[in-house]
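Please open the model in your viewer and follow the stops below in order.

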Amino acid sequence: MSDTSQRDDLKFFGQVSATISHDLKNVLAVINEGAGLLDDLCMLAGKGRPIEPERLASVAKSILGQVRRGDAIIKNMNTFAHSVDEDVRSMDMGEMLTLMGELCSRPVKAAGASLEVTPCECHLRADPYGVERVLHGMILCALKNAQQGTALTLSATMEAEGLRILLAGLPQEPHPEEQLHETARALGAQFHVRNRSLELTLPTQPPETGN
Amino acid sequence: MTILLVDDEQELVSAMAERLDMRGIHAEFACCGTDAIRMAQKKCYDVAVLDMKMPRMSGLELRRELSALCPDMRFIFLSGHGSEEDFKAGSAEAASYLIKPVDIEDLMETIRTVMEQ
């Protein structure tokens, strides 16, 4: 792997990690305010102001909701971190698309767009990290020209020539950077821009690396 | 003194507003830049506490819009990261800068400080 390619690989890992850390910081901030509010209410109760049980329940529910949110973020982070464990493995592509949709939820929201992942039951044997990287690149490419209300859909179907992943709903024809094409080529995939969609066709068997 | 809290995390700003109210500071909140601007068009707040990274309109962009509406408004930025880049941008634009999660007493102290400036 060249120095540039290695750096791009690290850049992708860094981008995803930064998004995760930002999301976790927000979870902690909400929990901090919720716990602080409970503390304040208890202090006021100690001074004779009654606490409404509904108010306590509402704050507790908010904190529990944030704990579940944090747990989901950490599960995704763990799945992402383990994607480099094996060079090639069989993947549930429905789970993979959902993971990448969730890992990209912050940039999607920041762009004022939405991303719907269509359920699928396809499996593919490929490099998980490479697939994550190309999906991440496709989503960011789609967001470049996204507008408020842009509704993107991400789906996968098994075709004769391989697993076809379609990212549709782009407001205008995208112009992917060469790096995205390179990432797709490294997976032995065909990558096309068609009718305001990004289309990736991954081979059912990973390419020989020659190593 | 009236404070405007702006963050896309609704549960965060609603709890923060309630806690400031308990401490004698009236606080109102918005969850996006558009709502914050709408609120500031109706009345001028003394201090705005803005999340730096919000969807569609960042805290820095919102600060410029709010300053145009209320030139005397003071600003405090909130950041999840506390990165060097955020710190420089925040310091250049605002009177103060806090990193999430924020201790309510630190926020109170920062509000007092910016009001005295």
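This is a predicted model: local features need pLDDT of at least 70, side-chain atom pairs count only at pLDDT 80 or more; totals for chains, interfaces and linings use all residues.

Begin by selecting residues 151-159 of chain A, which form strand 4. At one of the pairings, A:Glu159 has A:Gly162 of strand 5 as its bridge partner.

Next, select residues 197-202 of chain A, which are strand 7. Strand 5 pairs with strand 7 as well, over five bridges and in the antiparallel sense. Here A:Leu163 has A:Leu202 of strand 7 as its bridge partner.

Now colour chain A by domain: domain 1 covers 3-83 and domain 2 covers 88-202. Their centres, taken over C-alpha atoms, are 28 Å apart. Where they touch, 16 residues of domain 1 are in contact with 13 residues of domain 2. Between them the two domains bury about 1,400 Å², with 56% of it on carbon and sulfur atoms. Select A:Phe12, A:Asn76 and A:Ser83: they supply 38% of the area that domain 1 buries against domain 2, more than any other three residues.

Last, show the side chains of A:Arg106 and A:Asp23, which meet in a salt bridge at 2.8 Å, N to O. On the side of domain 1 that touches domain 2, helix 1 (3-46) and helix 2 (53-81) each give two or more residues. Helix 1 gives the most, with 12 residues.

Definitions and conventions. Residues are numbered from 1 along each chain as its sequence is written. Chains are lettered from A and ligands numbered from 1 in the order in which they are written. Side-chain values use heavy atoms; hydrogens and water are left out. Two strands pair if DSSP finds at least two bridges between them. Helices (H or I, at least four residues) and strands (E, at least two) are DSSP runs, numbered from the N terminus. Domain bounds come from an automatic or database domain assignment. Contact means heavy atoms within 4.5 Å. Buried area is the accessible area (1.4 Å probe) that two parts lose on being put together, summed over both. A salt bridge is a side-chain nitrogen of Lys or Arg within 4 Å of a carboxyl oxygen of Asp or Glu.
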